[in-house]
Number of protein chains: 2
Amino acid sequence: MSRASDRAYAGIRSMILSGELPAGAALGEEALAERCGVSRTPVRDALRRLEAELLVKRNETQRSFVADWSLGDVADAFELRAMLEGHAARRAAERMDDATLQRLRVCNQAIFEAIRPEQPDVGGFLEGNRDFHAIILETSGSRRLSSLLATLIEQPVIWRTAHHYGRDALRRSHGEHDELLAAFARRDGAWAEAVMAAHIRRAFHAYADAHQGLTAFDMARSA
Amino acid sequence: MSRASDRAYAGIRSMILSGELPAGAALGEEALAERCGVSRTPVRDALRRLEAELLVKRNETQRSFVADWSLGDVADAFELRAMLEGHAARRAAERMDDATLQRLRVCNQAIFEAIRPEQPDVGGFLEGNRDFHAIILETSGSRRLSSLLATLIEQPVIWRTAHHYGRDALRRSHGEHDELLAAFARRDGAWAEAVMAAHIRRAFHAYADAHQGLTAFDMARSA
DNA sequence: GCAGTGTATATTGTATACAAATGCCCAAGG
DNA sequence: CCTTGGGCATTTGTATACAATATACACTGC
């Protein structure tokens with residue numbers, strides 16, 4: 001999107017995720033506009049986007065507040081993501097062609113290179129990971145599915161999860177991608193779906209273990 | 001939402017669904033504002049909402065167009081709805097309590113009353129149907145799931161489907177609700193999920209049969 | 001004749017002023 | 001002391017003016 005609107009979106013989002021705006025805090029448009037250095041118009045856009053992501057909730061009279069994000073909410077998001085992205089993997093397997101398979105292999109190879117060193121390049125891992133999942137979603141051929149998943153894939157959550165991964169966990173993630181590639185190569189939709197669901201559910205538990213008992217505020221701080 | 005914003009939303013939406021704005025037509029904010037009798041601000045809001053529902057698409061430079069809605073797109077939406085609403089039914093069964101069960105029974109009884117006469121009250125059926133599904137969604141206890149499904153449940157599609165139903169199809173729909181109630185009474189999540197998925201898939205085929213070979217434009221005209 | 005470029009025009013993005021609505025506080029009455 | 005009502009302050013909704021950007025098209029040079 002455009003400059004001011006993006007700035008408002010990124011600004012408010014980071015204020016929420018960093019805990020600077022705690023759960024339940026009132027989000028006045030005027031105040032946010034001033035803090036982000038833009039006018040109310042792009043702030044209103046940003047609030048709508050954040051509301052769609054459930055990071056912001058509105059009361060019955062259209063006033064905005066920071067939504068509270070319990071571990072249960074995160075679990076909820078991961079569960080839906082496992083289901084939808086599993087479905088995407090199934091469809092992708094059924095529609096797979098050799099060129100796409102090759103792209104996925106290249107992508108997973110890049111992930112391997114990123115995590116091979118003693119000190120893994122987590123940024124590189126995340127980039128490869130994002131591309132890998134994006135290709136699958138694209139291959140699934142459902143615009144609606146992509147659009148639904150877009151609101152579910154909270155990058156900060158993924159970021160924090162990956163940074164808590166040890167080298168072995170990163171390798172396991174890479175290994176699961178390999179298994180997905182095998183399922184894709186055989187065009188086995190059910191297999192792909194199962195592997196993807198497991199892949200995402202494991203990621204959730206890695207997240208939960210690292211953040212056990214922490215509030216949303218603490219979770220954000222711990223990042 | 002507020003008056004002007006809703007008017008813009010309803011106006012543009014009806015222009016699209018009625019075929020007055022055909023698939024691919026450019027949606028200039030100024031022109032829409034004039035046609036709806038509001039300013040550009042609420043039009044922009046409305047376009048964002050319609051974009052989230054995939055009724056409007058934007059090109060890479062933020063210009064809006066009427067999305068083309070093939071039968072394949074409708075099938076896509078129904079498939080995702082079957083999966084997500086099936087999941088909601090499973091969760092609802094696991095969380096069911098007697099008071100909610102009673103509310104659902106009352107709701108399905110109202111549907112029965114609406115379709116009993118020789119000339120069924122389709123409006124009454126739709127109202128009861130909507131409430132029935134809403135209660136299940138609420139009982140599933142996942143805000144994210146509700147939020148995802150909100151964009152999938154295109155009321156005009158449901159409306160057209162129901163109006164193509166004969167009296168027997170309406171009764172079958174009522175009967176499937178009864179079976180859902182049985183699954184809920186036993187707290188059998190897997191049963192509830194299967195019945196719900198079947199319920200929605202059958203609705204899709206009723207829709208597809210009635211609209212076979214028609215374009216989005218023709219489909220809208222036929223309503 | 002064609003590609004590339006610059007300018008005119010149309011369209012979207014942002015800021016701001018004003019209108020409508022909501023929430024808050026305090027005071028008066030029970 | 002609690003409730004309730006009015007009025008002021010705050011907040012959101014809408015309109016409009018202006019800025020930034022994209023598109024269309026004619027013109028230039030090859």
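Colleague: Over which residues of chain A does pLDDT stay under 50?

Modeller: The model is predicted, so local features need pLDDT of at least 70 and side-chain atom pairs count only at pLDDT 80 or more, while totals for chains, interfaces and linings use all residues. Residues are numbered from 1 along each chain as its sequence is written, and chains are lettered from A and ligands numbered from 1 in the order in which they are written. On pLDDT, the predictor's confidence in each residue, from 0 to 100, residues 215-223 of chain A stay under 50. For these residues the model has 16 contacts beyond four places in sequence; a contact means that the C-beta atoms of two residues, placed from the backbone, lie within 7 Å. Where pLDDT is low, the predicted coordinates should not be read in detail. Chain A as a whole averages 91, and 94% of the residues score at least 70.

Colleague: Why is Val106(A) called partly exposed?

Modeller: A residue is buried if 20 or more other C-beta atoms lie within 10 Å of its own, exposed if 12 or fewer, and partly exposed in between. Val106(A) has 13 such neighbours, and therefore counts as partly exposed. Val106(A) lies in helix 5 (residues 98-115) of chain A; helices are DSSP runs of H or I with at least four residues, strands are runs of E with at least two, and both are numbered from the N terminus.

Colleague: Where is Arg187(A) found, and why does Arg187(A) count as partly exposed?

Modeller: Arg187(A) is in the loop between helix 9 (167-185) and helix 10 (189-211) of chain A. The count for Arg187(A) is 15 C-beta neighbours inside 10 Å, so the class is partly exposed. The phi of Arg187(A), near 55°, is also positive in a residue other than glycine.

Colleague: Why do strand 1 and strand 2 of chain A stand at the edges?

Modeller: Chain A has an open sheet of 3 strands in the order 1-3-2, with antiparallel pairing. Strand 1 (26-27) and strand 2 (56-58) each have a single partner strand, so one side of each is left without a neighbour in the sheet.

Colleague: Which residues come nearest to DNA strand C?

Modeller: A residue is near a strand or molecule if its C-beta atom, placed from the backbone, lies within 6 Å of it. Of the 16 residues around DNA strand C, the nearest are Ser2(A), Ala4(A), Ser5(A), Ser39(A) and Gln62(B). Helix 1 (3-17) and helix 3 (40-52) of chain A, and helix 2 (29-36) of chain B, each supply at least two residues of this surface.

How values were computed: Two strands pair if DSSP finds at least two bridges between them.
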